[in-house]
Amino acid sequence: MTLPAPDPARRITPLELFLGFASIAISGFGGVMPFARRMMVERRQWLTPAEFTDLVSLGQILPGPNIVNVSICVGWRFAGVPGIFAALAGLVFVPFWIVIGFGIIHATFGEVPRVQGAFAGIACAGAGLVIATGLKMAWPMLGNVQAMVFIALGFVAIAVFRWPLVPVVLVLAVLSIVVTAWMRGRR
Amino acid sequence: MKTADTLLLMLSNFALMSLFAIGGANSVLPEMHRFVVEQQGWLTHQQFAELFGLAQGVPGPNMLVVALIGYHVAGIPGALICTIGLIGPSSLLTYFVYRVWDRFRGSAWRELIQKSAAPVTVGLVLASGYIIARSADHTWAAAAITIAVALLTATTRAHPLIWLVIAAALGAFGLI
């Protein structure tokens with residue numbers, strides 16, 4: 001059994017990891033995954049396409065932002081625990097300060113009428129962007145009755161009844177696994 | 001409330017959300033809204049929606065909306081605490097799972113979990129969109145922009161930043 005231990009044959013320095021993930025972070029607006037692939041697979045060839053896909057699918061089944069999870073795995077694999085911190089610092093704490101800069105602008109000029117109007121516009125568009133993300137994710141499941149029932153249950157529990165996330169996720173995730181496994185058993 | 005108490009409360013809440021953020025930050029937005037707007041009253045509905053939109057228009061992973069929320073509530077320490085809270089526990093979990101990942105990579109369990117979690121995640125993301133839209137859209141024009149941006153982003157390959165800029169311009173000229 002080989003564990004995905006830090007790879008002795010292929011070392012990437014923490015500094016390279018930091019710079020690489022910082023470059024991913026500052027080129028991506030909204031979603032950074034396409035940039036992550038370009039940087040790690042195509043440009044710097046840290047990972048093969050198959051390895052990248054494997055890490056993304058691991059990131060998906062675990063909680064937390066997928067790209068953050070990918071950065072943990074890549075950082076650890078190539079430079080151990082210091083690599084994790086370097087990758088996270090680049091990915092999260094470089095854009096962090098840019099975001100804070102905008103937060104200061106919002107806090108300082110948010111009451112100026114024209115700026116207030118602009119922020120109101122951004123808020124409306126931001127809502128549209130999340131809805132689009134949800135629609136794009138839902139698209140491949142269209143026609144799959146079981147999936148659509150679970151989409152509806154999640155939506156109604158959270159958006160309509162405003163139930164807390166933790167019990168909703170626990171119950172729906174377990175239910176979804178049981179139903180999926182049971183449907184397979186019948187086939 | 002003392003600042004230390006506020007920070008601790010933020011840390012514990014976001015750290016719990018971290019472990020339930022299936023599909024990333026977009027899934028936990030309703031919970032953040034519940035916590036910071038409805039329970040604590042730290043932000044208004046409008047402010048929450050604005051900070052979310054702002055985070056979409058800034059480079060970086062879109063989970064950084066938590067930094068904006070934290071900053072608004074308790075300055076830079078708040079921003080750091082919220083960010084660390086939201087990514088800390090999930091990152092720790094990833095670290096431990098990755099170390100044994102080879103054993104599960106090809107297992108039936110992995111595929112079962114992935115397939116079962118996907119629709120639940122979609123429901124949560126759509127709920128996030130609905131809650132932010134309800135917070136942001138006070139006029140018919142505002143709702144029309146949300147719907148237009150949703151449809152244009154879902155059906156075209158145009159960069160989403162374009163829609164944010166157009167919507168900001170419309171808002172600045174008082175058209176929303």
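Which way do α7(A) and α6(B) cross, right-handed or left-handed?

Some housekeeping before that. This is a predicted model, so local features need pLDDT of at least 70 and side-chain atom pairs count only at pLDDT 80 or more, while totals for chains, interfaces and linings use all residues. Residues are numbered from 1 along each chain as its sequence is written, and chains are lettered from A and ligands numbered from 1 in the order in which they are written.

OK, chain B. You're looking at eight helices and zero strands, where helices (H or I, at least four residues) and strands (E, at least two) are DSSP runs, numbered from the N terminus. Its C-alpha trace spans about 55 × 45 × 25 Å along the principal axes. There are 176 residues in the chain, and 56% of them count as buried. By buried I mean 20 or more other C-beta atoms within 10 Å of the residue's own; exposed is 12 or fewer, partly exposed is in between, and the C-beta atoms are placed from the backbone. If you take contacts in chain B between residues at least 6 apart in sequence, 59% join residues at least 24 apart. A contact here is two residues whose C-beta atoms, placed from the backbone, lie within 7 Å.

Let's pick a residue. Gly85(B) sits in helix α4 of chain B, and Gly85(B) is buried because 21 other C-beta atoms lie within 10 Å. Leaving out neighbours within four places in sequence, Gly85(B) contacts Met10(B), Leu11(B), Phe14(B), Ala15(B) and Ser18(B).

Now compare Leu164(B), over in helix α8 of chain B. Leu164(B) counts as buried because it has 27 C-beta neighbours inside 10 Å. From Gly85(B), Leu164(B) is 79 residues away in sequence and 28 Å away in space, C-alpha to C-alpha. What does Leu164(B) touch, not counting residues up to four places away in sequence? Residues in both chains: Ile122(A) and Ala125(A), plus Gly53(B), Gln56(B) and Gly57(B).

That brings us to the interface. The contact takes 92 residues from chain B and 84 residues from chain A. On the chain B side, the largest share comes from α6(B), with 22 residues. By class, that side has 60 nonpolar, 22 polar and ten charged residues. For the classes, Ala, Val, Leu, Ile, Met, Phe, Trp, Tyr, Cys and Pro count as nonpolar, Asp, Glu, Lys and Arg as charged, and the others, Gly among them, as polar.

So, α6(B), and back to my opening question. The crossing of α7(A) and α6(B) is right-handed. Right-handed means the near helix is turned clockwise from the far one by less than a right angle, and left-handed means anticlockwise. Helix α7 of chain A is residues 165-186, and it packs on α6(B) at an angle of about 125°, axes 9 Å apart. Axes are lines fitted to C-alpha atoms, for helices over the stretch in contact, and angles run from 0 to 180 degrees between N-to-C directions. The two helices are therefore oblique to each other; under 35 degrees would be roughly parallel, over 145 roughly antiparallel, 65 to 115 roughly perpendicular, and the rest is oblique. Among the residues that meet are Leu172(A) and Ile177(A) from α7(A), and Ile113(B) and Lys115(B) from α6(B). This contact has ten nonpolar, three polar and one charged residues.

Inside chain B, α6(B) has another partner. The axes of α2(B) and α6(B) come within 7 Å and cross at roughly 50°, and that crossing is left-handed. The contact includes Pro30(B) and His33(B) of α2(B), and Leu124(B) and Ile131(B) of α6(B).

Last stop, the core. A nonpolar core is a set of buried Ala, Val, Leu, Ile, Met, Phe, Trp, Tyr and Cys residues joined through C-beta atoms within 7 Å. Of the 118 residues in the largest one, Cys124(A), Val65(B), Ala67(B), Ile69(B) and Ala167(B) touch the most other members. Helix α4 of chain A, residues 66-109, gives the most to this core, with 19 residues. As for Val65(B), leaving aside residues up to four places away in sequence, Val65(B) touches Ala25(B), Leu51(B), Phe52(B) and Ala55(B).
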